[in-house]
Amino acid sequence: MTDTVSIRGLNVTAVIGAYDWERDVEQTLVISVDMAADVSRAAATDQLADALNYAAVAETITAVVRDGKFQLIETAASRVASRLIADFGLTWVRVEVVKPRPAEGFSAVVTIERSA
């Protein structure tokens, strides 16, 4: 049995974009992740040490995106997925990165799934 632990709507401010003007400003991305995790031990013990620590996951996502200064949200999503799998021993992850474009009236969205 596999359970899912999710983080929704994590706002990360970072340099992101392929255009020259985007390299000089920070933009806010909205990131959501779903992670395969067995929560039965944590549920039985009610101890954080037995759970997937979503605060640590959020910190990792933030660091990857801020430090990366990526041109593409596709790259940001892929690097986040790889890092989460490596750092938290995940077998599967889905990462959604939303880049709001209010001046244009839309949001660009990339969703990827990766397995270990």
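A residue counts as buried when its relative accessible area is under 20%, as exposed when over 50%, and as partly exposed in between, using a 1.4 Å probe and protein chains only. By that rule, 40% of the 116 residues of this protein are buried. The model is predicted, so local features need pLDDT of at least 70, side-chain atom pairs count only at pLDDT 80 or more, and totals for chains, interfaces and linings use all residues. Residues are numbered from 1 along each chain as its sequence is written, and side-chain values use heavy atoms, with hydrogens and water left out.

**Overall layout**

- The protein has 3 helices and 4 strands. Both come from DSSP runs: helices are H or I with at least four residues, strands are E with at least two, and numbering starts at the N terminus.
- Read from the N terminus, the order is β-β-α-α-α-β-β.
- A box of roughly 50 × 25 × 20 Å, taken along the principal axes, holds the C-alpha atoms.
- Contact means heavy atoms within 4.5 Å. Take the contacts between residues at least 6 apart in sequence: 59% of them join residues at least 24 apart.

**Surface and charge**

- The accessible surface comes to about 6700 Å², and carbon and sulfur atoms account for 49% of that. The areas come from the Shrake-Rupley method with a 1.4 Å probe; for residues, only the protein chains shown count as cover.
- Lys and Arg count as positive, Asp and Glu as negative, while His and the chain ends are not counted. Each charge is placed at NZ of Lys, CZ of Arg, CG of Asp or CD of Glu.
- There are 11 positive and 16 negative charges, and their mean positions lie 4 Å apart.

**Salt bridges**

- A salt bridge is a side-chain nitrogen of Lys or Arg within 4 Å of a carboxyl oxygen of Asp or Glu. The protein has 8 of them by this rule.
- One of them pairs K99 with E22, with the closest N and O atoms 2.6 Å apart. This pair links distant parts of the chain: K99 is in strand β3 (residues 92-101), E22 is in the loop between β1 (3-14) and β2 (27-37), and 77 residues separate them.
- K99 counts as buried because its relative accessible area is 7%. E22 is buried too, because its relative accessibility is 1%.
- E22 also meets R101 in a salt bridge (3.4 Å, N to O). Here E22 in the β1–β2 loop and R101 in strand β3 are 79 residues apart.
- R101 has another salt-bridge partner, E104, at 3.0 Å, N to O. R101 is buried because its relative accessibility is 14%. E104 counts as partly exposed because its value is 43%.

**Helix α2**

- Helix α2 covers residues 54-68, which makes 15 residues. The expected span is 1.5 Å times one less than the number of residues. That gives 21 Å, and the end C-alpha atoms are 21 Å apart, which agrees.
- Its buried residues are V57, A58, T60, I61, T62, V64 and V65.
- An α-helix has 3.6 residues a turn, so residues three or four places apart point the same way.
- What covers the buried residues of α2? The cover includes β1, β2 and α3 (73-88).
- T62 lies in helix α2. T62 is buried because its relative accessibility is 16%.
- Leaving out residues up to four places away in sequence, T62 touches L10 and V12.
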